[in-house]
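Topics follow in groups, beginning with a question.

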Amino acid sequence: MLLVLAALLVAGCTERHNKSIDSAYQLLTTAPDSSLSILNGVKSSDLSKSERARFALFYTIAQDKSGLDVDNDSLLRNAYTYYNNKVGDSLYAKCEYYMGKYYMLNDSSEQALHCLKKSIDAAEKQGDKYTQCLALEKYSRVIRQTDPQKAVGLARLAEKEYSNLPDASQRNIIYYKLNVGVALLMVDSVAQAESKSKETLKLAYALKDSDVISDVYQDLALIAKERRDFRMALNYSKASCYTCTYFDIYKSLNLANAYLDAGFLTESIKLLSSIHTKNAKVKYFIFNTKHLASIKAHNYDKAYSYADSAYHYLEQMYGEQLESKINYYNALAKTKTEMGIAKEKIRLMAWLIAVSSISALIIIILILNSNKHHKARLKLEEEKLLKEKELHDLELRHKEIQLSTIRNFILKRIDTVQKIEKLKGNKIDSVQLSEEDWEEIRLFVDSVEDNFVTRLQQKFPDLNEDDIRLMMLIRLKMPAKALALIYGISEKSIKQKLFVYKNKVGIGGEKMSLRSYIEGF
C-alpha cells in the first residue's frame with residue numbers, strides 16, 4: 001500500500017504545463033488581446049509554483065503588448081521571484097526585461113538598470129535578439145539623464161540589431177530610430193536628432209500608418225521646442241494631433257503647452273477646457289497649465305483659482321495612490337493566504353504516506369499541531385501587513401501637511417510676483433526669493449524633514465549658503481523647471497548643476513543621482 005501511495009504521489013507531483021497557458025503563449029505576439037482573454041479564464045490559485053510563474057509572466061507580456069503599461073508588480077513579482085536565480089531558463093531574460101520595465105515606469109532607475117543589464121546578457125547568450133533589443137532600448141532610456149553619451153550608443157546598437165532581424169517590422173524599426181533621435185537630443189546634438197526624426201518621418205509616410213506618423217511629429221515638436229522655435233513646435237504638435245486616428249489626451253495636452261509657449265494663451269486655455277477626463281493627474285496638468293497661462297496673461301484672479309483647482313487634484317492623486325496601496329496590501333494578504341492553504345495541502349499529502357502505518361492518534365496530533373503553527377504564521381503575516389499599512393497611512397498624512405504648507409508658500413509667491421509685475425510693468429523671466437523667503441524655507445525643511453539642514457551642515461561643513469539652499473529645494477522635490485525659474489537659467493543648465501554638485505556630497509563616482517541622495521538623506 002505504501003509503494004502504491006508513493007507512486008501516486010510521484011505521478012501527481014510530475015510537472016505538467018497548463019494547456020491554456022500554452023495556448024496563450026502562442027498568441028502573445030500575434031493576438032495579445034486573445035491571449036489575455038485565455039489567461040483571464042485560468043484560476044492561478046490551482047497552479048503549481050512554476051506554472052503560476054509562467055502565468056504571471058505571460059499575463060504581464062500580454063498586457064504590455066496590448067498597450068497597457070504595467071505599473072504594479074503584484075503579479076509580475078511572482079514570476080520574478082521564481083525566475084530570478086534560474087539564469088539558464090528560456091524565460092529568464094524576458095522576466096528580467098519586464099521587471100526592469102516596471103522599475104523604469106516607477107522611477108526606480110538603479111533597480112531598472114540592474115534587471116535590464118541581466119536581461120541583455122542572458123538574451124545575448126540565449127540568442128534571443130528580440131528581447132535583447134527591447135532591453136537595450138529601455139536601458140538607453142533609463143540612462144539618458146545620467147550618461148547621455150552611453151544612451152546614444154545603446155540606442156544606436158538596439159536600432160542596428162533589430163533592423164538586422166529577419167522578421168523585423170517596419171513599425172518597430174521606426175520607433176527604434178525615434179529613440180535614437182531623443183537620445184541625440186539629450187547630448188545637445190539637436191541637428192542630428194532633427195535629421196534622424198525627419199528620416200523616420202519619411203519611413204512613417206511610406207508605411208502609411210497615421211498613428212506612427214503622429215508619434216514622429218510629436219518627437220519633431222520636442223526637438224523644435226528644444227531649439228526654442230516655438231512656432232515650428234506648435235505646427236508639429238498640431239500635425240501630431242490631426243494625423244492621430246484616435247483622441248490621444250497626452251498629445252492634446254502637449255498641443256496646449258505648445259500654444260502656451262508660442263504665446264497663444266487663449267487657444268491654450270480653450271483647448272484645455274475642451275478636454276474632459278476623470279484622471280486626477282491629467283486634471284492637475286490641465287489646471288496647472290491654465291494657471292501658468294493666466295500668469296502670462298497677467299490675470300492673477302484666475303491664476304489663484306486655477307492654482308487652487310490644481311492643488312485639489314494633486315490631493316486627489318495622493319488619495320488614489322493610497323487606495324491603490326490598500327488594494328495592493330489586500331491582494332498580497334489574499335495571495336499569501338492562498339499560498340499557505342496550498343502548502344498545507346501538500347504537507348497533508350506527504351503525511352498520508354508516513355502515517356498509514358502508525359496510529360490514528362499520532363495522525364490527529366500531527367495535523368492539529370501543523371494547523372496550529374500554520375494559523376500562527378498566517379496571523380503574524382497579517383499583523384505585519386497591518387503594521388505596514390498603518391505606517392503608510394502615517395506617511396501619507398505627513399505628506400498632506402507638507403503639501404498644504406507648500407501650497408500656502410506658492411500662493412504667497414503669486415502675491416509677490418503680482419506686486420513686482422505692477423512695479424516693473426514687464427514679463428517675468430525668473431522668480432527672486434528674498435532672504436525672508438529662504439529663511440521660511442529653511443525653517444519649513446528643518447521642522448518637517450527631521451532637521452535636514454542641520455544634519456546636512458554637520459556632515460558636509462564645507463557647503464556654503466548657496467549650496468545649502470539648492471539642497472533644500474531638491475529636498476522639497478522641486479522639479480528642474482521650477483529650479484530653472486528660481487535661478488534664472490535653463491533646465492539643461494540645472495541638470496548640469498545637479499551633476500556637478502554630486503562631488504560636493506561625496507557621490508561623484510557613484511551612479512546614484514543627487515536627487516536620490518538628498519531626498520533619502
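Leaving aside its neighbours within four places in sequence, with which residues is Y83 in contact? Y83 is in contact (heavy atoms within 4.5 Å) with S50, A53, R54, L57, D89, L91, Y92 and C95, its neighbours within four places in sequence being left aside. This is a predicted model, in which local features need pLDDT of at least 70 and side-chain atom pairs count only at pLDDT 80 or more, while totals for chains, interfaces and linings use all residues. Residues are numbered from 1 along each chain as its sequence is written, and side-chain values use heavy atoms, with hydrogens and water left out.

**Helices α4 and α5**
- The axes (lines fitted to C-alpha atoms over the stretch in contact) of α4 (residues 49-65) and α5 (residues 76-83) come within 7 Å and cross at roughly 125°.
- K49, S50, A53, R54, A56, L57 and T60 in α4 meet L76, N78, A79, Y82 and Y83 in α5.

**Nonpolar cores**
- A nonpolar core is a set of buried (under 20% relative accessible area, 1.4 Å probe, protein chains only) Ala, Val, Leu, Ile, Met, Phe, Trp, Tyr and Cys residues joined through side-chain atoms within 4.5 Å.
- In the largest nonpolar core, of 47 residues, L57, F58 and Y83 touch the most other members.
- The most is given to this core by α4, with eight residues.
- A second, separate core has 32 residues, including W438 and F452.

Terms used. Axes fitted to C-alpha atoms, helices over the stretch in contact; angles between N-to-C directions. Helix = DSSP H or I, 4+ residues; strand = E, 2+ residues; numbered from the N terminus. Buried < 20%, exposed > 50% of the residue type's maximum accessible area, 1.4 Å probe, protein only.
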